[in-house]
Each structure stands twice: as C-alpha cells, then as structure tokens.
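The sequence and structure are shown first.

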Amino acid sequence: MMNAHTNQEFEVFLSQLKETNATLDFFCDFTKIKDNVERVAIKLNQLNYLIGQCDIEAAVHRLWNENPNVFQVLDILIAVRKGDRKKVIDENGELHLIEHFFNSPEGVLTYIKETGLQELFQTKSVSNLVDYVFGVEVGLDTNARKNRSGHLMEHRVSSVFLKNGIDFKQEVCSTAYPELAILGKDKKRFDFVVSTTSVTYLIEVNFYSGGGSKLNEVARAYSELAPKINSLDNFEFVWITDGQGWLTAKNKLQEAFYTIPKIYNLTTICNFVQTIKETL
C-alpha cells in the first residue's frame, strides 16, 4: 500500500508547525473567573469577619452561631474546588475529605489552623477574601489553558472557512450519517463537517504546544479512523493539526501522515480550502 504522502512532505509539514496559537485572551477567562467569585462572594464577605481576630476560636464560634454555611467556601481559600473531593490524612494516618472539616466549628478550627489560614487571618496578610479568591481563581484558570488552546484552533479554522465563504457545521455526531455505522458502536463527534456536491468532509481539529501521551493516542486513533471513513463513497476524513508539541511525538505523527491523505496544518489549510472550492 502506497503512503498518502512522501517523507519530504512530512519534513516540510514538521517545519511549518507553530510554537503557539495563543492570543492575549488565551491566558485568563476573566468572565468565568468573575462568575466563579460572584457565586461565593457573600459567604467570603462574611468570612472577612475572621481577619484580624486575636481569638480565632471565639470568632469562629460566633460566626458559626450566626451562619454555619459560610464555612462551606473555605476550600477555595486553599485553591480546592468544591466537588473535587480532595482527601487529607490526619496525625493518625486516617483519611478525611476536606469538606468534612466544615461540618462543625471544631472541624473548621482544625482546618484553619493546620492549613495556615489562621496566621493569614490574624496577621492581616489578606485584607479582603473576595479579592484574595479572585487571585486564586486566576491561578486555577491556568488549568483550563489546554482546552482553550483547542478552542482557539477551532476558532481559527472556522474563521478561515467563513472568510472563504464555506458553509460548515460544528460538533456533528456520527449518528447523523447512517453510513458511519461502519465506525462501530462508539459514537464520534466531529469538530467540523463541510458538505459539497460530491463529498462530505468530516474534520478533526487540534493544536498541541506541549508533548504528552495524548498526542500518540490521537495520532493512533485518527490513523485507524481515516481509512474507515475514506472507504465510504462520498466521505473523506480531514485532520487539521498544528503545534510544536508534535515534535515530541514525531514517529506517531509520521505514521498518521502516511496514512491520512488529507492532513493539514495552519500553513497548508489554504490547500484544503482550495480543494473544497473545487468540489462545491
């Protein structure tokens, strides 16, 4: 079986991979951050009562008697989200869910003392917990950057399509096409679908600025997926990918490059656009 591309074409493809696709709005989603803070702002304002208290135990008991629910947001003060169900061990080696410390004033006091929050409160190192948590949320939001990188790539591709007057659909499930039953029981959701008079292009899009096992898995999966789709009349699989993270998974990408006829990056996507226009 002949390779879909030559080794020379692969080396050119590698040389075109971009270091990043990040724009300035990539680093922080301030709308999400503000929403997250707003949901706990009232409780945080009540917890501000603890700041500067010399007798933290008495202060906790007074606040507990007033509203014990305010302590349910203490987890975010150590950058743990509610629902993460993080566990810690005590001095006896026993496991405890962090959230269980918030079920009694004694538990709250243990939590505040052993996390270091008591010193933070008493020394007034923090003056306002709402502002403090805003900063915590900015830090936690960095964990979402990998997902944003993918979304930026999707936005970039959709912008290219729109600029060239190409109609497309996004997030299309394989069940929309009975012919794709060939893929088996697993449902597949394609990032884009472009239909012309003769071909329906099923398109996957991603960008990897860093390495990891995920890249090998993706390349392997698409290498298996493409021949199945391409065996169908009037269907073609298209993969648009970029990012220098692929340099850490060069061998798997090369296997995919030899298997998938329509594989593009941000430099060569113009070739795909031209192909689409020729089949409209």
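## Salt bridges and a buried helix face

Glutamate 204 and lysine 188 join through their side chains in a salt bridge, with an N to O distance of 3.4 Å. A salt bridge here is a side-chain nitrogen of Lys or Arg within 4 Å of a carboxyl oxygen of Asp or Glu. Because glutamate 204 lies in strand S5 (residues 200–207) and lysine 188 in the loop between strand S3 (169–173) and strand S4 (189–195), the pair ties together parts that are 16 residues apart in sequence. Helices (H or I, at least four residues) and strands (E, at least two) are DSSP runs, numbered from the N terminus.

The model is predicted: local features need pLDDT of at least 70 and side-chain atom pairs count only at pLDDT 80 or more, while totals for chains, interfaces and linings use all residues. Residues are numbered from 1 along each chain as its sequence is written, and side-chain values use heavy atoms, with hydrogens and water left out.

By the salt-bridge rule, the count comes to 8. Among them is the pair of arginine 81 and glutamate 137, at 2.8 Å from N to O. Arginine 81 belongs to the loop between helix H3 (56–66) and strand S1 (87–89), and glutamate 137 to helix H6 (residues 129–141), so this pair links parts that are 56 residues apart in sequence. Another salt bridge joins lysine 252 and glutamate 255, whose closest N and O atoms are 3.3 Å apart. These two residues are 3 residues apart in helix H9 (residues 250–259), a separation of about one helical turn.

The table gives the accessibility of these residues; buried means under 20% relative accessible area, exposed over 50%, and partly exposed in between (1.4 Å probe, protein chains only).

| Residue | Relative accessible area | Class |
|---|---|---|
| Glutamate 204 | 5% | buried |
| Lysine 188 | 23% | partly exposed |
| Arginine 81 | 30% | partly exposed |
| Glutamate 137 | 3% | buried |
| Lysine 252 | 22% | partly exposed |
| Glutamate 255 | 43% | partly exposed |

Helix H1 (residues 7–16) has Phe10, Phe13 and Leu14 among its buried residues. They lie on the same side of H1, because they cover an arc of only 100° around the axis, the arc being that of the directions from the helix axis to the C-beta atoms. Gln8 and Ser15 are exposed, on the face of H1 turned away from its buried side. The buried residues of H1 pack against strand S6 (235–242), H9 and strand S7 (263–264), where contact means heavy atoms within 4.5 Å.
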